[in-house]
Amino acid sequence: LPLGDSEENMVARSAEAEEEEEEEEEEEEEDKPIVTGVALICGSMNWDTIGRGNARVGSKPRKVEPAWKPQVIGALSGIRIMHVVSGPCAAHSFFITDEGKIYGLGRNEQGQLGMGHTKRQDSAVEVPFFKNMHVIGASCGRSHSVVLTEDDGAYGMGDNEMGQCGTGGATGKGAHNVTPKQCAIEQKVKQVSCGFDFTLFTTEKGHVFSAGSSECGQLGINDSGEYIDGRKSIFSAITTPGRVHSFFTRDPRSKEVTRIPQVAVRYVSAGQHHCLAISTKDELYTWGFNGHGRLGHKTTEDELIPMRVLFFRPGDKHLSVKKARCSYGGCFAVNNLGNVYCWGQNQIARLECPYPIPLDDLFGWNVHDIAPGKNHHIVTADYSSIAMGKSTMGELGMGPSTKSSSRPDKMQGVEGLKSIQCAAGSGHTILLVLDDDDEAKKIIDKLEVNHD
């Protein structure tokens, strides 16, 4: 390096090089055809009682039979779906079409569907606010959501008690955005992930921003936001997304912590109160609440800053990270060979492990996507959709007689269909399957249609 070259100049040059690489990748992405399919659902559609047992006072809960096997969503018949969205904390879902429209379904008590009201949505309906925008992504938290548009930025809606919508403004009990409001972030957002009461944003520059509660360090800013008011501990709300500036590694022997410069992030995922990020160099970082060792650092101590998971090693085809997702209480990752690893609390054969271990039952499968949930998890591989975990409402899609599956097993009725995306919400599962040949269409035609 030239004499006197500062780290800022090094970072600037690195950022320029990465931007050039990203532009080349974007050009390649533009050349790829848009892949669409048919949305299927299984599990409970009693949105008011999912995860609760009883509906809230004043609500009129539904009492419909669960979809024990995957069913076609009747309200989306004839609509080409490009993305399906839910989350381990969420009792609501979104469906994004090839035309950039977005449809919402499920619980809406805090306005998390962005419909302009707080009424439950029992069938998938287009979100009117985005009619004149092109939606490219979304994420679902417990009672809030963030929708990403191509040219108009990100929008937060729903519960904003802890500032999790990232829209600035009022917080506290009763604060919510029934109508979507633009997130207060200046950089262009390319991906978003909502946790229980916080949100992570990644930008085109490879930066990570966070907003909401930092009670367990999940905002990655080296601060839990805790302060004492009288005799009570209170946690402050971060309403305007702030940048996660630094990423670190810890020596396994000396425990010395070292800052890693020039980290650019390509993907983030939020769990209940913990997070993960994958860098453009395929390094995996985790931070936040570490109960049951869900951060993968062989400890149970919370991390207030992003810390690298040393088990995974970029460049090693066996131990590199291609995809990774947070479940409610743990994490899942897929390496470049399509092998799946998990750690933390994941409701699989009572498995609780503070470091990544392979799911041997999935070895040999060509995994397309993973959707870790709270009590159940979904994997799509080859021409099968695979589920594991607990099933109290049919979310495993294995029929009414299967209440749990400690080992991965195939969902019923969809064998032979290629599922390109999956989403595991609270008490329900969404699949996006291809219908691009006659055989696939025959299988889909045999599925029950859900008109609820």
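Let's start with Cys 216, which is buried at a relative accessible area of 13%; buried here means under 20% relative accessible area, using a 1.4 Å probe and protein chains only. A quick word on the ground rules: this is a predicted model, where local features need pLDDT of at least 70, side-chain atom pairs count only at pLDDT 80 or more, and totals for chains, interfaces and linings use all residues. Residues are numbered from 1 along each chain as its sequence is written, and side-chain values use heavy atoms, with hydrogens and water left out.

Now, how many disulfides are there? A disulfide is a pair of cysteine sulfur atoms within 2.5 Å, and by that rule the count is zero. Take Cys 140: its nearest cysteine sulfur belongs to Cys 194, 7.2 Å away. Cys 140 counts as buried too, at 2% relative accessibility. Back to Cys 216: the nearest cysteine sulfur there is that of Cys 275, 10 Å away, and Cys 216 is in no disulfide.

Let's move on to a sheet. Strands are DSSP runs of E, at least two residues, numbered from the N terminus, and two of them pair if DSSP finds at least two bridges between them. Four strands form an open, antiparallel sheet, in the order S23-S24-S25-S26. Which strands are the edges? They are S23 (323–326) and S26 (352–358), each pairing on one side only. On average, neighbouring strands of this sheet are turned by 10° against each other, direction ignored; the axes are lines fitted to C-alpha atoms, and angles run from 0 to 180 degrees between N-to-C directions.

Finally, look at S23 and S24 (residues 330–334), which pair in the antiparallel sense over four bridges. Arg 325 has Phe 332, in S24, as its bridge partner. Thanks, everyone!

Terms used. Buried means under 20% relative accessible area, exposed over 50%, partly exposed in between (1.4 Å probe, protein chains only).
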